[in-house]
Amino acid sequence: MDVMPKWADVVLVPIVSLVLAAFLSALLILAIGESPSEALKLMVEGTLMRSAGWGYMLYYTTNFIFTGLAVSVAFHAALFNIGGEGQAMIGGLGVALVCLFIPWPHWSLAIIGASFGAAIFGMIWAGLPAYLQAKRGSHIVITTIMFNFIAAGVLNFFLVGALKPKGSMDPATANFPTSTHLPTFEDMAQILGIEKMFRSAPANVSFFIALLACVAVWYLIWRTPLGYEIRALGKSGPAARYAGVGSVKIIMIAMMISGALCGMMAINTTQGESERLILNFTEGAGFIGIAVALMGRSHPLGVLLAALLFGFLYQGGAELALWTKIPREMIIVIQALVILFTGALTLMVRAPLERLFLAVWKG
Amino acid sequence: MDFLTLIQVLDSTLRLATPLLLVCLAGLFSERAGIFDIGLEGKILAAAFLSASLAFVTGSVWIGLLAGIGASVAMSAIHGLASITLRGDQIISGVAINFLAAGLTVVVSQAWFGQGGRTPPLKSGGRFEPINFPGAVPSKEMADAGPIMQIYSELLSGHSLLVYVALLTVPLSWFILYKTRFGLRLRAVGENPAAVDTAGISVVGMRYAAVIICGVLCGIAGAYISTALQANFTKDMSAGRGFIALAALIFAKWRPWYALGACLLFGFFFAVDNRFQNILLPAWSLSAALSIMTVGLVGYVWRKDLLDKFVLGGLAFGLALIAFMIVASVWDVGTSTQIKIPVVFIQSLPYILTVVVLAGFVGKAIPPRSGGVPYVKEK
C-alpha cells in the first residue's frame, strides 16, 4: 500500500490517467481524420484566450463543482451516488417554485431562498434511496439510477402540466421575475468599471457559492466529528459500528448532503442561466460529477481542479463542434476514458508507477 | 377495447419486450457469476450502431449482427479486464462503458456517414424481416378473421427471427444455469468464489465466460433494435433499455423464467404507452387506490422507529395529499369524472415497481452473494 509517497498517489495517478485518456482521444481524433494538435489549439483559443470563453468555462465548472462535491461526500461514506442527475432535476423544481411563487425584493435574498429550495428538494430525492439503503438494504446504486428516471418523469409532469404558463407550447415554466435574476460575470465586471468583459457568458455569482461549498465540504469532512464519522464508516463499516458510529444515521446524512449539493447545481443553471425551468437542464452534469470526484480523489481542492478541467473540456468541445467535424460527443468519450482510468483501471495505472518508485527508492 | 386491439397491444408487447429480455438474460449471466453490470446500456448502444453501420455498408443483416455482437463483446472485454483481471470497481467500470458507447457511437457515425450521429436507413436485406407463418392472414384482412386466427396471425406470426431467438433463450438459459455443470459452477462463482477455487476451477475463467455470454446477448439485442425494430441507428437509441433490463433483472430476482415475466410486463407498459395516449379512470377510484396505499403505509410504520415514521409517513402524507387534490379538483362536477393518467406515470412504472421490489415490501430480492466483489486468490 505505502510503496508510493502520498503526493505521488494524489498527484501522479490522476495525471497519468489523464495523459492516457488524452493520448487515446488524440488517436481517435486522428482516426476520424482531424488533427489533434489543431483541435487542442482550437480548444485553448476558444476557451482560455478570450474572456467570454472563460465565462462559459466557469459556468460549466460551477455545475461540476457541485456535482463533483456531491459524489465525493458520498464516496467518503463508501456510497456511490449515481443519482446526481435526478437530484439536480428535483433541485431545479425547488428553485423554480421558490423563484416563481415568492416575491423576492432583491437577487441576493432570492439566491439564499433558491439555494435552500434546491438543497431541500435535492435532499428529499437523495433521502429516499438513502433510507432504502440504510434500513432495507436496497443497493443504493440501483435505487439512485431508478430515481434518475423517476425524477425525469416528475420534471416532465410538472413542465407539461401545472408549471407551464397557459398558451405556451414548450415544456418550461414562465420566466422568473427580474428581481431574482443573478448578476453574471459581465454585470460584475461592469460594476468594477470594466466594459466588454465576459460578453454574454452565462457564468454568474453562483460560482462563488460553489467555491464556498468547496470550503464547507472540506471543513465538514476533515474538521468536524460528523466528517470523521462519515470517513470512518467509509473506511470500515464494522469498525465504525464497533466505535459507536450509527451506520443508518451516517448513510442518511451523507446521502442527504450529497443530494443537497446536487440540487444546488440548479441555482447556476436554472436561476443563473436559463432564468426559467426547462427540460434537460442538467445536461449530464450529475454524471460528470462522478468523473470529477474520481479525478479529484474526493478532495474539494482536487474536485475544484478537476471541475475546471472538465469546464475547459466542455467549452472546448463546443468550440470543436463549431469549427471542425469533431462532434461535441468527443467530450463524452474523454469523460468515459477518465472515469475508466481513474476509477476502474486504477491498478493498471498504479502498478507500473509503484514499480518505478520501488526501483528508484532502492537504487 | 375489442379483442383485436388487445391482440395488437400484446403483439407490440412482444416486440418491445424482446430487447429487454435479451439484455435481462445477459445481465443474469453476468450477475449470477458475481460481476455487476451497469454497462448493459452501453453495450446495446455500441452493438446497435455497429450492426446498423455494417448492415448498411455490406447490405447483409447477418454481417451486421456479427459486427454488433463483436462491438458488444469488445465492451464486455473492457469490463472483464477492469473488474476481473484488475479487480477494479465494477460499477465505475460499467458507468465508464455507458459513456464510452454514448460518445464513440456519435463520433464515429459522424465521421463515417456525416449525418449528425445517425446511420443511413437500411434497405431490405439489411434488415431482419418479419417471418410470416404459413396460413397467416395479412393485416388488412385481420378484422374479419376469427379470434384464434387473430392470435395466430397477429401475435404469434409476423415477428423477426430475433424475437423467436429471444424467447428460446429463456429455456436455454434456464437449462444452462440449472441443468449443466457449467451453470452450477457459474452460479457458484457468484455466491462463493473461494469454494469454486478450492475445487480447482478457475474463478477468472468462469467469470470471463459469463461476461462474454453477456456481451453476445447484448449484441443480439442491439442488432435487434437497429435492424429489426428500427431501420437505422440514431443517437442514444438504446433509450435506457439497459437500465430497464437491469430493473427487470431485479424484479425477476435473478431467475430466467421470472425474467421472461418481468420483461413482458415492462414491455406491456411500453406497448400501452405507445398505443393509448389517454388512459382515463374515474377520480374516485384513483383516490381510493391512493388512500389504501396511505393507510397501508401508516399501518406498516405504526410500530417502527422514528426514521421509518418520518420517511414512510412523509410518503404516506404525499400520497394522501395527491388523493385529496384529485377529489378536490373534481368535487364540483362529481367524483366519477374521468381523470387522465399522466403518460409519464406509465413510463415511470418499471422504475417505481423496481424500487418497491428492491425495498423488499413485495418479496425480497436477494442478489448473488459475491456480486460486485473482485476475487483475490489467497497467496
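Visitor: How many of the 11 residues of helix 12 (residues 285–295) of chain A are buried?
Guide: This is a predicted model, in which local features need pLDDT of at least 70 and side-chain atom pairs pLDDT 80 or more, whereas totals for chains, interfaces and linings use all residues. Residues are numbered from 1 along each chain as its sequence is written, and chains are lettered from A and ligands numbered from 1 in the order in which they are written. Helix 12 of chain A is largely enclosed by the rest of the structure, because the number of its residues that are buried is 11 of the 11.

Visitor: Which residue with positive phi follows helix 12 of chain A?
Guide: The phi in question is near 50°. The residue that follows helix 12 of chain A with this value is Arg297(A).

Visitor: Which helix of chain A gives the most to the side that touches chain B?
Guide: Contact here requires C-beta atoms, placed from the backbone, within 7 Å, and 40 residues of chain A are in contact with 40 of chain B. Helices 5 (107–136), 6 (140–160), 14 (330–344) and 15 (346–362) of chain A each give two or more residues to that side. With 10 residues, the helix that gives the most is helix 6 of chain A.

Visitor: How many nonpolar residues has the side of chain A that touches chain B?
Guide: Ala, Val, Leu, Ile, Met, Phe, Trp, Tyr, Cys and Pro count as nonpolar, Asp, Glu, Lys and Arg as charged, and the others, Gly among them, as polar. Beside nine polar and four charged residues, the nonpolar number is 27.

Visitor: At what angle do helix 9 (residues 225–235) and helix 11 (residues 247–274) of chain A pack?
Guide: Leu226(A), Glu229(A), Ile230(A) and Leu233(A) of helix 9 of chain A meet Ser247(A), Ile250(A), Ile253(A) and Ala254(A) of helix 11 of chain A. The two helices are roughly perpendicular, a term covering 65 to 115 degrees. Axes are lines fitted to C-alpha atoms over the stretch in contact, with angles from 0 to 180 degrees between N-to-C directions. The axes lie 10 Å apart, and the angle is about 105°.

Key. Contact = placed C-beta atoms within 7 Å. Helix = DSSP H or I, 4+ residues; strand = E, 2+ residues; numbered from the N terminus. Parallel < 35°, antiparallel > 145°, perpendicular 65-115°, else oblique. Buried ≥ 20, exposed ≤ 12 C-beta atoms within 10 Å, placed from the backbone.
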